[in-house]
Amino acid sequence: MPVSGKQSIVRIQEIIAVGLLLAHLLLLSACTRNNLSFPADTPRLIAQTENRSMTYNKLSADEERVIVHKGTEQPFTGKYYLNKEKGSYLCRRCDAPLFRSSAKFESGTGWPSFDDAIEGAVQQIPDADGRRTEIVCAQCGAHLGHVFFSEGFTSKNVRHCVNSVSLNFLPEAVAATQTEKAVFAGGCFWGVEYHFSKLKGVLSVKSGYTGGVTDHPSYKQVCTGTTGHAEAIEVVFDPSLVSYETLAKLFFEIHDPTQLNRQGPDIGTQYRSAVFYTNEEQKKSAEKLIAVLKTKGFNVVTSVEKAATFWDAEAYHQDYYQKNGHQPYCHIYQKRF
Ligand SMILES: [Zn+2]
């Protein structure tokens, strides 16, 4: 069995992880007091300049004062500080989902307070005042507010103090009726997920496995190429903000649809190019785009298959590049339409 580029990365990571664990244990006693400050991960600000697909919402003067010029709204004046509805809080500027209502609590401070953020959605940076920790949208850099630790409000002991003006609220009931799912396989899911998570109108992206024969497949099983699964992503999107055709076009432009059962260094049927449609319109849209690419001379091998069960990949595969601050190694955007 050939060892693909990604499989060797995963192996190297396993070795590094053991090394880091040992180092961490040695340093633990020295670090406990510093654990409460912001993590030392690299700010992910590349997305702001590199993302071709991102368009920003127009901001009012008030929103611009807070979001761009890092202002603060008056306490007890924002429209979400008392909001108890179930749903998601999105970035006002780029619509990236930032906080879930399940993390919201009443702090009495007059600003919406959350004891957790959606993984990878919020970036912590030292504030210009030298004391506090500022929080910004990891996707577009919009100023959100500050994060405070050890105040004892909830068991997580964290308070993301956010300006209402930096947020949009998407009620759960509305999201359930207005969102649609799309599933794509285009080689290593890390890179595919990376590109889709930056597209406006995309509410969530998960890495996983689909199109195979076994239930609950693990990464190691899928890697053998014998389960029939493809590494894939499941996108939940708001069709009023982004069309399926836009998603499918992006899919064909961030991987090479002419490579059969491989993508760059990753070889095997688990890296095949496939569109898994969830309704007839998606199927027609994908087939139309494949026909367009063929007239342009691309010998597209992408299969169009009916969506089957999507099995979530292990947690360490989710938001891989966002967590690691790297760029995808074999998913580079190339305009084809
Ligand atoms: Zn944003």
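**Close-up views of a predicted model**

**View 1. Three strands form an open sheet.** In this predicted model, 3 strands line up in the order β2-β1-β9, and their pairing is antiparallel. The edges of the sheet are held by β2 (97-100) and β9 (167-171). Each of these two has a single partner strand, so one side of each is left without a neighbour in the sheet. From one strand to the next, the twist averages 30 degrees.

**View 2. Strand β1 pairs with β2.** Strand β1 covers residues 87-91 and runs antiparallel to β2, with 3 bridges between the two. Which residue in β2 stands opposite Leu90? The residue is Pro97.

**View 3. Thr246 lies in helix α7.** Helix α7 spans residues 244-254. Is Thr246 buried, exposed or partly exposed? Thr246 has 18 C-beta neighbours inside 10 Å. A residue needs 20 or more to be buried and 12 or fewer to be exposed, so Thr246 counts as partly exposed.

**View 4. Thr246 and Leu199 are shown together.** In sequence, Thr246 and Leu199 are 47 residues apart. In space, the distance between Thr246 and Leu199 is 9.5 Å, taken from C-alpha to C-alpha.

**View 5. The whole protein is shown for reference, with 9 helices and 17 strands.** The protein has 337 residues, of which 39% count as buried. How many of the contacts between residues at least 6 apart in sequence join residues at least 24 apart? The share of such contacts is 72%.

Technical notes. Residues numbered from 1 in each chain as written. Predicted model: local features only at pLDDT ≥ 70, side-chain atom pairs only at ≥ 80, totals over all residues. Helix = DSSP H or I, 4+ residues; strand = E, 2+ residues; numbered from the N terminus. Contact = placed C-beta atoms within 7 Å. Pairing = 2+ DSSP bridges. Axes fitted to C-alpha atoms, helices over the stretch in contact; angles between N-to-C directions.
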